[in-house]
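Subject: Handing over a structure for you to look through

Dear colleague,

Please find below the structure that I promised to pass on to you. Once you have it open, read on for what was found in it.

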Protein chains: 4
Amino acid sequence: MPAPHAPIELREFAEPALEPGGMLLQTLFSEVCGTDVHLWHGRLSGVPYPIIPGHVSVGTLVKARGPITLVDGHQAREGDRLVFYDVHRTCGRCYACAVSRTPTKCVHRKVYGITDAAADGLFGGWSEAIYLEPGVVAAVLPESVRAEDYIGGGCGLITAVHAIDRAAIRLADRVLVQGTGAVGLSVVALARLSGASTVIAIGAPADRLDLARQMGADLTLDLTKTTLSERRELVLGLTGGRGPDVAIEASGSPRAVEEGVTLIRDGGRYVIAGHYTDAGPSTVNAHEHVNRKHLEIRGCWGSEAGHFLRALSILERHASRVPWRAIGTRVYPLDRLNQALADAEAMRMPKALVDPRRRA
Amino acid sequence: MPAPHAPIELREFAEPALEPGGMLLQTLFSEVCGTDVHLWHGRLSGVPYPIIPGHVSVGTLVKARGPITLVDGHQAREGDRLVFYDVHRTCGRCYACAVSRTPTKCVHRKVYGITDAAADGLFGGWSEAIYLEPGVVAAVLPESVRAEDYIGGGCGLITAVHAIDRAAIRLADRVLVQGTGAVGLSVVALARLSGASTVIAIGAPADRLDLARQMGADLTLDLTKTTLSERRELVLGLTGGRGPDVAIEASGSPRAVEEGVTLIRDGGRYVIAGHYTDAGPSTVNAHEHVNRKHLEIRGCWGSEAGHFLRALSILERHASRVPWRAIGTRVYPLDRLNQALADAEAMRMPKALVDPRRRA
Amino acid sequence: MPAPHAPIELREFAEPALEPGGMLLQTLFSEVCGTDVHLWHGRLSGVPYPIIPGHVSVGTLVKARGPITLVDGHQAREGDRLVFYDVHRTCGRCYACAVSRTPTKCVHRKVYGITDAAADGLFGGWSEAIYLEPGVVAAVLPESVRAEDYIGGGCGLITAVHAIDRAAIRLADRVLVQGTGAVGLSVVALARLSGASTVIAIGAPADRLDLARQMGADLTLDLTKTTLSERRELVLGLTGGRGPDVAIEASGSPRAVEEGVTLIRDGGRYVIAGHYTDAGPSTVNAHEHVNRKHLEIRGCWGSEAGHFLRALSILERHASRVPWRAIGTRVYPLDRLNQALADAEAMRMPKALVDPRRRA
Amino acid sequence: MPAPHAPIELREFAEPALEPGGMLLQTLFSEVCGTDVHLWHGRLSGVPYPIIPGHVSVGTLVKARGPITLVDGHQAREGDRLVFYDVHRTCGRCYACAVSRTPTKCVHRKVYGITDAAADGLFGGWSEAIYLEPGVVAAVLPESVRAEDYIGGGCGLITAVHAIDRAAIRLADRVLVQGTGAVGLSVVALARLSGASTVIAIGAPADRLDLARQMGADLTLDLTKTTLSERRELVLGLTGGRGPDVAIEASGSPRAVEEGVTLIRDGGRYVIAGHYTDAGPSTVNAHEHVNRKHLEIRGCWGSEAGHFLRALSILERHASRVPWRAIGTRVYPLDRLNQALADAEAMRMPKALVDPRRRA
């Protein structure tokens, strides 16, 4: 991606020299997510174009320098299917890391596919090879998990693990999920796996709502075919007239925030996870919807290495029954990435995959 | 208070017959708080006028039926200075009490001075005598605490204990308090006592800001004499450029909510305690101020018996040094209560006291 | 149960007069649990013998005085299958209720089948009829739940909901359960439903371990056929060499506590729920197993009304797949209760049921 | 310290070459704490003797390579009085750092004065100069804090901040502190600053109990002059007959753990912070003292960078009134360190200071 608004170009890079502890992967899959569309439109600040996009990826280890123990305890071996946490260089020492314990705001963090310049190395998944510098948190993909399961979940799954963590769902809670994109679909599955007694998803379009039901939603409400008051009636009807115990926003819409706070029950919890970029203000009545309700609202931005590792455990246990791979069914070769971006923007599928081994 | 908008009238009631476990107090002090002004204007629903206002009060025990063990372990004795928690008949069994653990929303709760009809008994403090029915949570006022200290803190102190509880201040946190009414002033004192390293109060008018400094504020900012951006600069200047770790809203203003979320640091906490009644909507950017900040917002409405008892421990330890009594310096006899309400509404003092033993 | 050590006797009682809000149930099932064996041996203090045992029960509503709204929002109707929370008269006002928020230690609480004298009314389930006094927390058994499912879970399920609540399991946690009695078996099921990635149960005898696997355990370890070090090796092998994230003790054995603290991983959590009665001391190295590990240990005694209601939601969603009814398969009529107690004590089955409608 | 049991020797080292981001301090003070005595006796494993002891120190910046922004936002300047967090090289990426969030167990961490070999550089405070490698968390000592205040608190204060963090004291809690060494004395002060209504300290000898009262204890109990049952009576007498809400163990004694669990109230919290090394097992009744009490026990080992920074804020606000400097009044030059160790072991003072600028 040479610059915002410019078409994706195919470029050749020299094979990188490996530092001690460095690893080289042959890419199996990467993904095109909403963030890539934002990158393409230049909506994120501080991006050092040209970059190689693709922050979450899976690949085969082809070369490693030195014996390397992965974070999961495995010794890295050539041929291993490896996955890695895209955020690297988190310092552990700055105010965000050490004091406020919000490592997602670490000033030294870099993110594969987003904040590393192409000139600095193969730091992105839209490429035949990916360089893992020493210290990147990498793990072997569990044997029972297909590469398509992992990349189908992708960055949406890791963000969803964070959101679920903040939501602190208790067994038998009734949960509302707002948004049925890649994050929302994974949140639906994780809420179900966390023991929610009822999961309701609000979103669109119809094919994503179908997918939400496959991921575990008991009821889906189509934003484009229901009114606020119809949704309210249906949600209250399924939650004992009180509203959900927990709601998780994964839509990025200011209107969703306004609707969410009215639906949650007294003493409930609201996790706002979808507002990754600025979509404008929401209007909330602090008396009715926060103070008098004893509502607890928790923001949730980005993810941490622990969420990545937890996502792997979840996939290992559940990928055979939860259809993460159904989220990413359209696969694009490297020379069709402009089309992939256009399709992603038009919401023609929940997620586009990138397979650098294919040719158009 | 015979009806909304009608003048307060003096009426005589027969001395009540005591049920087993019932107690009769001679009122030493009651108070006129913001809620009483709301009652006077008919802004609260479900109030069974005529009522005897005065929800927080202190009195001398003149008669008790049967041996009564108070919640603090004391045996009630005639002559004891008693205080009691205004909320009674909380059931412990409904959904709010038993499931969502929000007893402040119990459907059976009644509140002295607000939701008990005058016809049902002496359930209010604007009266020479108060009837404590069996089961009311009552305690002896600790010897070292003057009646004026207790009533100076009054219902604002008990609400502030709840707000501080929700705020979960950690030692050396920097704390912002929005609002310098009866609740805000006590929040300032409690934040200081909780080990805050810096306490900043935003409010008005000047005499309340003076009081806020006496209660422990390091810096006070006059809402009427500063702009948003001036306040922002001063608050950031005193909080390492990051903003306060915790903010507690005790102003009831929708604008305060909007200002609060912009000031708090990444990963901080915001307690909204002042929106006891509906003052209209606030506009908040969910991306910038909640999601990206990892902000935690907690609503806080009313109080619980535990907060009342904790307030007594706090007074016992600190009333000699924290000037709670300075919050309520103007004292009104029963036949000047219309004036008291008018003065309270005009904010001529932080709080009006009622002394039924005085005559004008 | 006329007295400790004395045989159970069948006695006739007059049909009780209903107070307003009172209800009369025809008993469908009650249970014989470990507590009943303790009662029989006089191991609990303050029991007002003679008593009617049977604290958790299910019955058909045959008579109610006045319109009664149940805690779940239903209007009680004759013919309803009702269940109720055995702990009643919790006051909501004492120190335990209002301050330390441990209502299980409320000084006014009474428990059906344990602390109500037979002379005071039909307050126990080993009886053809049960009297629900006003204020008892009662709910309709959800239609999809069979009486056998509910009583199979019984008091063990409700205690298990409390233990799971204290355990705060996060999605993909590895969980160790110690004990495979009625509580432990339900804990296994609830840990699985809460999203544990691995559930290991340690217990005996073999038939309970079979049941533990049916309830969701991935691995069961027979206490009578394995050594401490064999169990340690197997547990570490299934938990990445680190030990479980969370362990829940439901065995009542001091040795289990000693084993538990050695197995849990650094920074893990340990819920001690099985020591309902005194089984003697445990020896723990505070340095190695608590301090250096950053272990968090939480005691868990009894249950609260909210756990009862949550148990109903869990049954409604999961009773079709989780074999709670398999926990209680042996059913005894009223005239075989001495045998039921003997069988329970000899651990001939996880739980004995009582069906007062049957005759031997 | 050339080896365990060997006398301390004075050695000369070449001035280190500074890496970019490295800093050289002239030592103002270091300390001799209990850990140093353990080091001297070879009780810690993995120590690369010979070492330069002294993990917490304060010094003057004499040389820095490159512009360096400290964690507190200051630009480092020659002449600054700097303090730094002794634990360095915490990686932020291993299981302990990223998943279990127990960075005190990071496999890559190193500690000044303990785990860095003398051959590797000036990584200890018993030296005229200290080398701060790039990435060490360093801050300017606030102007109002004297070097003696900081080093008087020393590593005990930082550990105490961690313990207080785990204790989550609420305003007006009654707090018991076990142990009156360097950690316990700081815990007393921090409990008082956190708003405890009552602070009771158990310890010995008499001069430390005097100091505990100066630090804020309301009552001190001399271990050598009271029996268990006398202490129990006095503690219950000062805590409403219920026992303290929170207890913090800072004694390192297995007997303290046994006493602590019996004293804390129902639903209370117990932080075990003193068992830094193995002092043998404790015997606890899980029924009586954990399960039935709903006790919460939390282990607390070592500290994190955030605790160091919080300690600085606390000192800045309170060092003028809390006599931290009184903890360390005996100052030793480098050639008297063998005597310092002997005096520390004999408990002749709470803490020995090291001033490398002095000569005997």
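Let me start with the contact between chains A and B, to which chain A brings 37 residues and chain B brings 37 residues; please keep in mind throughout that this is a predicted model. On the side of chain A that touches chain B, the elements that give two or more residues are α7 (254-263), β13 (282-284), α8 (286-291) and β14 (296-299) of chain A, and the one that gives the most is α8(A), with five residues. If you sort the residues of this side of chain A by class, you will find 15 nonpolar, 12 polar and 10 charged.

β14(A) pairs with strand β14 (residues 296-299) of chain B in the antiparallel sense, over three bridges, and Arg298(A) stands opposite Glu296(B) in β14(B).

To see one pair of strands in detail, turn to chain B, where strand β8 (residues 174-178) and strand β9 (residues 198-203) run parallel and are joined by five bridges; Val175(B), for instance, stands opposite Val199(B) in β9(B).

The same surface serves both copies, since 100% of the contact residues of chain A recur in chain B.

Chain A taken by itself has 10 helices and 16 strands. Its radius of gyration is 20 Å, close to the 21 Å that the globule rule gives for 360 residues, so chain A is as compact as a globular protein of that length. Along the principal axes, the C-alpha atoms of chain A fill a box of roughly 60 × 40 × 40 Å, and buried residues make up 60% of the 360 residues in the chain. Among the contacts in chain A with a separation of 6 or more, 71% are between residues 24 or more positions apart.

There is also a contact between chains D and B, which takes 17 residues from chain D and 17 residues from chain B. On the side of chain D that touches chain B, α3 (147-167), α4 (182-193) and α9 (305-318) of chain D each supply at least two residues, and α9(D) gives the most, with four residues. By class, this side of chain D has six nonpolar, seven polar and four charged residues.

Chain D is superposed on chain B by a rotation of 180° with 0.0 Å of shift along its axis, at an RMSD of 0.0 Å, and that is the relation of a two-fold axis. Of the residues of chain D, Ser194(D) comes closest to the rotation axis, with its C-alpha at 2.3 Å.

Strand β2 (residues 57-64) of chain D runs antiparallel to strand β3 (residues 81-84) of chain D, with three bridges joining them, and the bridge partner of Thr60(D) in β3(D) is Arg81(D). Three bridges also join β3(D) to strand β7 (residues 138-140) of chain D, again in antiparallel fashion, and here the bridge partner of Leu82(D) in β7(D) is Val140(D).

With best wishes

Conventions
Residues numbered from 1 in each chain as written. Chains lettered and ligands numbered in written order. Predicted model: local features only at pLDDT ≥ 70, side-chain atom pairs only at ≥ 80, totals over all residues. Contact = placed C-beta atoms within 7 Å. Nonpolar A, V, L, I, M, F, W, Y, C, P; charged D, E, K, R; others polar. Pairing = 2+ DSSP bridges. Least-squares fit on C-alpha atoms with pLDDT ≥ 70 in both. Rg over C-alpha atoms; globule rule 2.2 N^0.38 Å. Buried ≥ 20, exposed ≤ 12 C-beta atoms within 10 Å, placed from the backbone.
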